[in-house]
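Dear colleague,

Please find below the structure I wished to pass on to you.

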Amino acid sequence: MYEFSHDWFSSNIPGFSRHLAHLRDKPCTALEIGSYEGRSAVWLLDNILTNEQSRLTCIDIFEQPLLSKNLKSSSGSHKTQFILGASARILKTLPLRFFDFVYIDGFHGQVEVLEDAVLSFRLAKTGAMICFDDYAWNDPKLNRHGTPKIAIDAFLNIYNKKIDIVDVGYQIWIRKKSE
Ligand SMILES: C[S@@+](CC[C@H](N)C(=O)[O-])C[C@H]1O[C@@H](n2cnc3c(N)ncnc32)[C@H](O)[C@@H]1O
């Protein structure tokens, strides 16, 4: 069974279920930036990436001890590729217009979130869903690198003709409309 020390994901399950329902049981590709212990990754494998041909790519700058154990316990460890490294470097090595879903949940500084957004946009297919975690997060004790919201709002402004904003809450969901 799964083993986790933190839960940053369960409250997001209703949104994930709603916005990714169209991918369930269909061959599809997902990219996760920031996997930690794999809580969101195993949920995706067990609930959305259920088609045998579906694939998940996980990027993290650290490999948490529980990550591989949890991925192995999931229904889809054979569908998963974990890439160790900083997203700013790894995202430049992945195929363009390839992913049906991108989850941006890595480093939460404004520069890093903006860079993840711009690089991920190129990797998403037209019609793909992109979700940013922690859009509404702002803890004055921890925000010396800025907040995701500053970066996400800048990205949404600049890319406004190429995206549809689907849902705004604690997380924000967008759909890539065009290249
Ligand atoms: C909030 S956790 C991810 C939680 C996970 N998505 C979940 O819901 O269970 C953020 C993760 O981003 C990773 N991270 C931080 N900076 C990163 C970077 N520059 N590139 C890739 N991953 C990074 C951290 O190591 C951490 O595991």
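Of the 179 residues in the protein, 47% are buried. Please note that this is a predicted model.

Overall form. The radius of gyration is 15 Å, which agrees with the value near 16 Å that a compact globule of 179 residues would have. Along its principal axes, the C-alpha trace spans about 40 × 40 × 30 Å. The accessible surface comes to about 8,800 Å², and carbon and sulfur atoms hold 55% of that area.

Secondary structure. The protein has six helices and seven strands. Read from the N terminus, the order of the elements is α-β-α-β-α-β-α-β-α-β-α-β-β. Among contacts with a separation of 6 or more, 76% are between residues 24 or more positions apart.

Nonpolar cores. The largest nonpolar core comprises 28 residues, and Leu-31, Leu-91, Leu-94, Ile-130, Phe-132, Phe-155 and Ile-174 have the most contacts inside it. At least two residues each are supplied by strands E1 (29–33), E4 (99–104), E5 (124–132) and E7 (172–176), and by helices H5 (110–123) and H6 (148–158). H5 gives the largest share of this core, with five residues. Leaving aside residues up to four places away in sequence, Leu-31 touches residues including Leu-56, Ile-59, Leu-91, Leu-94, Phe-99, Phe-101 and Leu-123. A second, separate core has 22 residues, among them Leu-23, Leu-45, Tyr-103 and Cys-131.

With kind regards

Key
Residues numbered from 1 in each chain as written. Predicted model: local features only at pLDDT ≥ 70, side-chain atom pairs only at ≥ 80, totals over all residues. Heavy atoms only, no water. Core = buried A, V, L, I, M, F, W, Y, C linked by side-chain atoms within 4.5 Å. Buried < 20%, exposed > 50% of the residue type's maximum accessible area, 1.4 Å probe, protein only. Helix = DSSP H or I, 4+ residues; strand = E, 2+ residues; numbered from the N terminus. Contact = heavy atoms within 4.5 Å. Rg over C-alpha atoms; globule rule 2.2 N^0.38 Å. Areas by Shrake-Rupley, 256 points an atom, 1.4 Å probe, with all protein chains shown as cover.
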